[in-house]
Amino acid sequence: MTMEIGLGVASLLILFCAAVCVVVISALLYPVAGGWLTRLAPATRANVLFAWATAPVWLGGLMLLLVLSPSIAHTLGIGVDHCHDHGHHVHLCVVHTPWVVGSTIEWLVLGGLVAVVLAWLIAAGTRLGGARAKLGLLRALSRPSTDLSSTHIVSSQRPFVFTAGILRPRIYCSSALLNAVDPNELATVIAHEHAHEHRRDGLRLFTADLFGGLHWSPIRRRILADLHLAVEQACDEVAAEQSGDRLQVAETILHVTRLIGSPAPRLASVEAAFTGSDAAVRIEGLLRPPIPQRPTVLASVSILAAGLLVLAFASSDWWHHSAETLLGYLLG
Amino acid sequence: MLTRPYLGELELAVLEELWGHGACDAKTVHRRIGDRRGIALNTVQSTLERLYRKDLLTREKVSHAYVYAPSVRREQLMERLIEDVVETFSAGRSEPMLAAFVDLAAKVDDDNLARLERLIAERRAEAEDKPS
């Protein structure tokens, strides 16, 4: 009996199963990987954490490509797929299997998926729209600085400075902060914020937050918190390199923390020492020599990843049939 | 006083007009800012009505039309708007598109900061004592 779903729904189910596997493996591995990650230079760590946060999406897509690869290769004339009758489970073939067959189960799966994706998109869109409205208002209430590029000065008695925006990031600095820091500190702050702008950290963090939502909640929070810290430390390193004085950057973070921070509750636990702990971790990081980028490590990891990819595609028939069998079990 | 949603661009423009020129009716506001933006008198009237309902304007009926005047000073409202925006951004990393130099919601643990200050001072002293 041929299973009554088309290639479209079959592909979506494979994506979903692959994403679930990635989420489970991530939940098991991440607590263990933490120590290794801290040994990486901040910029590298940020890239690894971004890849980890978005892994359910890109690894799921890669898995789908792997599973369909025998059929795609056959279509391109560079391989042969055996398209004999697969009456006992779905046949994942881009040539012979229609994308939609119109069965009940298909409509149910598609309907459910469309509802979930719509809800997710609406939530993300609402949040994005709200944030853009707030930034638009802040921009309207600020004036572009004549001395500092890409920087808007906001007349406010509250000291703050941040870079915000996804496609066109801008720096927002309050007049209170400008008046409270000396020229060296201001140069450090602006160098740090410009690094965020050039690194497109707004887009990076937004994308990680969007796709990271697929991870199990406690792991997602850890990954995103670690990513935020890595991103800040990467920009600290840029500022330190520009000024040539790591201690200057550490002192600036300390000063601005005092300006911005409100009094912490007096708690007995270790947690009290780390409320607003990013600042403390960043300062301590700057008191140590910079972690060097290790091209050999990166090269080794790249070669390993490439090797795994080649191995995976070499055994694509196995993945292809395993996926077909799995779909057969799922669809009864 | 001010409740969300935040003020839109036209609402701000109308307020700026009233702060700058004093109490006006809808037609006057439309003549000054509506024409150049290509918006209809109805739109300006709706905006004034919205601002009135947000308690940012007072109004008085003069002949057949309402005359609107600001009920808050510019500086007061600007500070309040900025505070609202920054507060929502600082609510525990609620906005992933934002990267702050120091977490806007940072809590200051004085003992910890003092410890870090001492560490920095020690490193400075070591760096200065090091022979070049």
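Across the interface of chain B and chain A in this predicted model, 8 residue pairs are found in polar contact, with both residues of each pair at pLDDT 80 or more. On the side of chain B that touches chain A, the elements that contribute two or more residues are α4 (74-89), β4 (98-100), β5 (107-108) and α5 (110-129) of chain B. Of these, α5(B) gives the most to that side, with 12 residues. The interface of chain B and chain A also holds 4 salt bridges, and in one salt bridge the side chain of A:Asp245 meets that of B:Arg124, at an N to O distance of 3.1 Å.

The extent of the interface can be described both by residues and by area. The contact draws 59 residues from chain A and 42 residues from chain B. The size of an interface is often expressed as the accessible area that is lost when the parts come together. For chain B and chain A, the area buried between the two is about 4,800 Å², and carbon and sulfur atoms give 64% of this area.

Chain A contains 13 helices and 5 strands, and of its 332 residues 46% count as buried. Where contacts in chain A join residues at least 6 apart in sequence, 70% of them link residues at least 24 apart.

Chain B, in turn, has 5 helices and 5 strands, and its elements follow the order α-β-α-α-β-β-α-β-β-α from the N terminus on. Of the 132 residues of chain B, 41% count as buried. Among the contacts in chain B with a separation of 6 or more, 51% are between residues 24 or more positions apart. The accessible surface of chain B is about 7,300 Å², and 48% of that surface belongs to carbon and sulfur atoms.

On the surface of chain A, a nonpolar patch is formed by A:Phe16, A:Val20, A:Val24 and A:Leu28, which together have about 400 Å² of accessible area. One of these residues, A:Val20, lies in helix α1 of chain A, which covers residues 7-38. Because its relative accessibility is 37%, A:Val20 counts as partly exposed, a class that lies between the limits of under 20% for buried and over 50% for exposed residues.

Two residues of chain A stand out for their backbone angles. The phi angle of A:Ser150 is near 55°, which is a positive value in a residue other than glycine. A:Ser150 is placed in the loop between β1 (142-144) and β2 (151-154) of chain A, and with a relative accessibility of 32% A:Ser150 counts as partly exposed. A:Arg200, although not a glycine, likewise has a positive phi, of about 55°. The place of A:Arg200 is in the loop that lies between α6 (183-199) and α7 (201-212) of chain A, and since the relative accessible area of A:Arg200 is 39%, this residue is partly exposed.

Technical notes: Residues numbered from 1 in each chain as written. Chains lettered and ligands numbered in written order. Heavy atoms only, no water. Patch = residues over 30% accessible without salt bridge, like charges linked within 9 Å, V, L, I, M, F, W, Y side chains within 5 Å. Areas by Shrake-Rupley, 256 points an atom, 1.4 Å probe, with all protein chains shown as cover. Helix = DSSP H or I, 4+ residues; strand = E, 2+ residues; numbered from the N terminus. Buried < 20%, exposed > 50% of the residue type's maximum accessible area, 1.4 Å probe, protein only. Contact = heavy atoms within 4.5 Å. Buried area = accessible area lost by both parts, 1.4 Å probe. Polar contact = N/O pair within 3.5 Å; in protein donor to acceptor, adjacent residues only side chain to side chain.
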